[in-house]
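The exercises below ask for careful reading of a structure.

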Amino acid sequence: MTESSASITRPAPQIAAPRASFLRSKRFASIALLVPGIAYLVVMTQAPFVLTLWYSFHQWILTSPDIPHKWVGLDNFRYSLTEDPIFRTAIWNTLGFTTAIVGGSLVLGLGFALLLNRTFPLRGVARSLMIAPFFVMPTVNAVVQKNLFLNPIFGLVNWVWTSLGFQRVDWLAVHPKLSIIAMATWQWAPFMMLILLAGLQGISDEVREAARVDGAGPFVEFRRITLPLLGPYIELAVLLGMIYILQLFAEIFVATQGGPGTETTTIPYYVYQTISQANDVGTASAQGVLAIIFSSIIAALLLRLLMRTFRRELTA
Amino acid sequence: MSAVPVTRGRSRIRPGALGLNLLTYVVAFLVFFPILWTVLTAFKTEADAAAQPPIFIFHATLANFHAVWNSNYTSYFENSALLAFGSTVVALLVGLPAAYSLAFYPSSKYTPKVLSWVLSTKMLPVVGALIPFIVIYKRVGLYDSRIGMILLYAALNLPLVIWMMRSFFADLPREILEAAEVDGAGFLRVMTRIVLPLTAPGLAATVLLSVIFSWNEFLLAVNLTAANSGTLPVFISGFMTSEGLFWAKMSAASTLAVAPVILAGWLAQRSLVRGLTFGAVK
């Protein structure tokens, strides 16, 4: 309403006050539309990081009013990095899981993508079946794999295993890391597959034909043509995968509770234990800050990659 | 239509291709098998579910679904649906105008900076922001509240909405928009009459992805909810200590929790890669 009346009663534009014309300008519109979204993100995601940093300099146990809530400087960081053996274990476990799961799902995903990147009957059905694991709720994945598949007595895996003539294995107790890696790899291979499949579809038939005319066999073609042209997609898949898999939590929470011992304790799980079991705000915050620092290194690399493709799109 | 068949040099099926086709079917079946097995177990009696050796052919029963649906499961399901859709609506309300601004009023100086910052908020670990939410939500009465979780999940999905919708908006021909602006149409009119109808498939995919991510989220849910606003992932995690006693019911609860998301994911397939890579891959 204001808009239409303004356009009717608008005097000659050159007489209008500069302020009013700014309010009607594109520049103002672009800012006004942008600000709510930015403000929302600042309040809900950036302010908490600042608060986490602030808390991390304090001694603060939520449930114990008799322990004074006070400034302790870098004590929480010193404790986490030099005195607390579990946090160090959690760092190594997190790195180990991330490497194994990203690597495993990348190799599997590449295999899946190569199988799907052909024309054959029921291709759509095969593709749909193969991406389904990515949508499965992580807690469902963990609870189902833990019971239906990895249960030492009634589990399907041991049924197959003993049918092959091997001894029964209590997988989650004896090979907890391997079990978690297997669960998560099943979920993330489809993610890698989707990105790599998009990359494969971008390689033109002409390039392949040319290689074949030059006498390249399928392996040479894969090594000399496919892999190099897939390079940027692999890079993207690995970095995105790392960002998400560094946060691995639900599978650990449900399947192993970080154990046996601290064998599968990751940084997110250890932060959870520190805050929800020890109610230690200060230490948990320091761990959170350290987690942010570790992730930022990967995030910086990923951002550079994504912005490179974005800029190319802008100039195209 | 022309009757000339399109013949390519390699359209005849070779035995090698046939073998690869079979391999693909076997791999697809194996990849999907854990889901299939969960669904099958959901239709078994508890005795059949824990049978050793496993039973592949059995009398199907709906008893587990009845039992699950008549338990407090429904309130968790309701919370999950409410949080997933509520947070998506909030993310769209603040995200769509931002995406519009970034797509249609781009500035070579600021747009890349804003977009890269928006993205960076999605890349930092959630544990880094978790502690203040526990402390503050408990203090202001938002702990274990649906509204608190909706506001939080909206923040998690906002970067996705901004990035994905900006990329769909930017694909629109600029002339359409300029014509509308010459006609004097304001933002709301252009958005609802022109831009959104033209990008409807992209919007649908964005909504589905946002709903899926909220639906499956666990770290925040387990730390910030309890009986009142608990979601399905929290309910399901309660089965972690059931040592082989309620496998059929557990499978029924899992099937009901996972089926809507897999269906939604299949619907969103076409724009899935764009969403997962923040528009880097189309």
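**Exercise 1.** Among contacts in chain A between residues at least 6 apart in sequence, what percentage join residues at least 24 apart?

*Solution.* The model is a predicted one. In chain A, 70% of the contacts between residues at least 6 apart in sequence join residues at least 24 apart. For chain B, the corresponding share is 82%.

**Exercise 2.** Describe the make-up and overall form of each chain.

*Solution.* Step 1: chain A contains 15 helices and two strands. Its radius of gyration is 27 Å, well over the 20 Å that the globule rule gives for 316 residues, so chain A is more spread out than a compact globule. The C-alpha trace of chain A spans about 90 × 80 × 35 Å along its principal axes, and buried residues account for 42% of its 316 residues.

Step 1: chain B has 14 helices and zero strands. The radius of gyration of chain B is 24 Å, whereas a compact globule of 282 residues would have a value near 19 Å. The principal axes of its C-alpha trace give spans of about 70 × 70 × 30 Å. Of the 282 residues in chain B, 49% count as buried.

**Exercise 3.** Which residues have the most contacts inside the largest nonpolar core?

*Solution.* Step 1: this core has 174 residues, and those with the most contacts inside it are L194(A), I195(A), L196(A) and A99(B). Step 2: the largest share of the core, 16 residues, is provided by α7(B). Step 3: take I195(A) and set aside its neighbours within four places in sequence. The contacts of I195(A) are then Y233(A), L236(A), A237(A), V273(B), T277(B) and V281(B). As background, nonpolar side chains tend to be buried together in soluble globular proteins.

**Exercise 4.** Is helix α7 of chain B mostly covered, or is helix α8 of chain B?

*Solution.* Step 1: helix α7 (residues 146–170) of chain B has 25 residues and reaches 34 Å from its first C-alpha to its last, close to the expected 36 Å. Step 2: α7(B) bends by about 40 degrees at N157(B), and the proline P159(B) follows within four residues. Step 3: 21 of the 25 residues of α7(B) are buried, and this helix is mostly covered.

Step 2: in helix α8 (residues 174–182) of chain B, the number of buried residues is zero out of nine, so α8(B) lies largely in the open. Step 5: after α8(B) comes G184(B), with a positive phi near 85 degrees.

**Exercise 5.** Is L172(A) buried or exposed?

*Solution.* Step 1: L172(A) is located in helix α9 (residues 171–174) of chain A. Step 2: a residue counts as buried if 20 or more other C-beta atoms lie within 10 Å of its own. L172(A) has 21 other C-beta atoms within 10 Å, so it is buried. Step 3: apart from its neighbours within four places in sequence, L172(A) is in contact with K146(A), L150(A), S179(A), A255(A) and T256(A). Step 4: K146(A) is 26 residues from L172(A) along the chain, and their C-alpha atoms are separated by 7.6 Å.

Key:
Residues numbered from 1 in each chain as written. Chains lettered and ligands numbered in written order. Expected span 1.5 Å × (residues − 1). Bend = angle between axes of the 7 residues up to and from the residue. Buried ≥ 20, exposed ≤ 12 C-beta atoms within 10 Å, placed from the backbone. Rg over C-alpha atoms; globule rule 2.2 N^0.38 Å. Contact = placed C-beta atoms within 7 Å. Core = buried A, V, L, I, M, F, W, Y, C linked by C-beta atoms within 7 Å.
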